[in-house]
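Biologist: I would like to learn how to read a structure. Please take me through some features.

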Amino acid sequence: MYGLLNIGSLVLGLIAWILPIASLAKRNKDNNKTWVLFSIASISACVISLCFQILYNDYLVRIEDWSALMDTSKGVVRLSFLLSIVTIVLNVISAIVYNKRSK
């Protein structure tokens, strides 16, 4: 059951990246005013994805699987930062594009 947290984290992380890209791809087709909703959903997916990783690490601590924690903690930290930074950058780009277009 707890292994599904990693799969859920991966899926939500991909959703966090796909939503702003989809919003940007849709921008030329109509006057899209839903970009704010896409950005909020993107950031929410990123946060939930990171929460899933925290829950999985908590599970590893509770079962005292120290070797798994030592093996994966560096990768989890790096990928969490990558997920956060890319999500923020994509949403900032989306905000800039839509603010320029609305003026």
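Biologist: What is the mean pLDDT of the chain?

Modeller: pLDDT is the predictor's confidence in each residue, from 0 to 100. Here the mean is 91, and 91% of the residues reach 70 or more. This is a predicted model, in which local features need pLDDT of at least 70 and side-chain atom pairs count only at pLDDT 80 or more, while totals for chains, interfaces and linings use all residues. Residues are numbered from 1 along each chain as its sequence is written, and side-chain values use heavy atoms, without hydrogens and water.

Biologist: How far apart are the end C-alpha atoms of helix α2?

Modeller: Helices are DSSP runs (H or I, at least four residues), numbered from the N terminus. The expected span is 1.5 Å times one less than the number of residues. For the 28 residues of α2 (residues 35-62) that gives 40 Å, and the end C-alpha atoms are 40 Å apart, which agrees.

Biologist: Which residues form a salt bridge?

Modeller: A salt bridge is a side-chain nitrogen of Lys or Arg within 4 Å of a carboxyl oxygen of Asp or Glu. D58 pairs with R62, with the closest N and O atoms 3.0 Å apart. Both lie in α2, four residues apart, about one turn of the helix. An α-helix has 3.6 residues a turn, so residues three or four places apart point the same way.

Biologist: Is L4 buried or exposed?

Modeller: Buried means under 20% relative accessible area, exposed over 50%, partly exposed in between (1.4 Å probe, protein chains only). L4, at 54%, counts as exposed.

Terms used. Helix = DSSP H or I, 4+ residues; strand = E, 2+ residues; numbered from the N terminus.
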